[in-house]
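Work through the exercises below on charged side-chain pairs. Each task is followed by a solution in steps.

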Amino acid sequence: DGVIAPNFSQRAIDLLRRKGDKCRFIVNDALSNLYEGSLDTSPRFRYVRGGFLRQPNYTFLLDLENPELQKFGDLNDTEFNDLLLASAIGSTSNSNTICITKNEKLLGNGVGQQDRVGAAKLAIERATRSGHDLKGAVAYSDSFFPFPDAPQVLIDAGIKVIITTSGSVNDQKTIDLCREKGVTLYMIPDKLGRGFFGH
């Protein structure tokens, strides 16, 4: 329905324009300085019965060199880029979310589910319904896996790299499963990522 960007070239408009010219193009100058304070640090407000909750805004930037990041396995260059893309999309999607990427493209995003298994199945279903091959893809979970059932669903679909937060009492079961299946696993400490800690 719409694309928001710092600016648009005429060629970009021509390429993005939909049939019937229904796509909206919105210029937002605040997006121009991506590395100079463009993160929205203003507090977020959520309505609850009888009032509002004031929460800090989500400003986590994934740093794969952070020594607190647990790494089980290695990434090739394509997987590295796919992991960054999955993290960027998934971390700005409604929780619970599982985001699947491959070859620098979004394949499926299971958003707003009540559990991680449901989010994984929805992401897989959306990807396969669109004809995407999930073999070798990357999956992002916006918080930890309470059980290894959702990672198993992802692995069974062909996922080769999973990034999530740590903090579950069953983290070791997820680590063991990924090692057994030859799947690379990256775990962000829940206090740093988008997980449950402090949010």
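Predicted model: local features only at pLDDT ≥ 70, side-chain atom pairs only at ≥ 80, totals over all residues.

Residues are numbered from 1 along each chain as its sequence is written, and side-chain values use heavy atoms, with hydrogens and water left out.

**Exercise 1.** State how many salt bridges a search of the whole structure finds.

Solution. Step 1: apply the criterion, a side-chain nitrogen of Lys or Arg within 4 Å of a carboxyl oxygen of Asp or Glu. Step 2: the search gives three salt bridges.

**Exercise 2.** Locate the partners of the salt bridge between Lys102 and Asp133.

Solution. Step 1: the N to O distance is 3.8 Å. Step 2: Lys102 belongs to strand S6 (residues 98-102), while Asp133 sits in the loop between helix H3 (116-129) and strand S8 (138-141), so the bridge ties together parts 31 residues apart in sequence. Helices (H or I, at least four residues) and strands (E, at least two) are DSSP runs, numbered from the N terminus.

**Exercise 3.** Is each partner in the salt bridge of Glu125 and Arg129 buried, partly exposed or exposed?

Solution. Step 1: the cut-offs for relative accessible area are under 20% for buried, over 50% for exposed, and in between for partly exposed (1.4 Å probe, protein chains only). Step 2: Glu125, at 35%, is partly exposed. Step 3: Arg129, at 59%, is exposed. Step 4: both residues lie in helix H3, four residues apart, about one turn of the helix.
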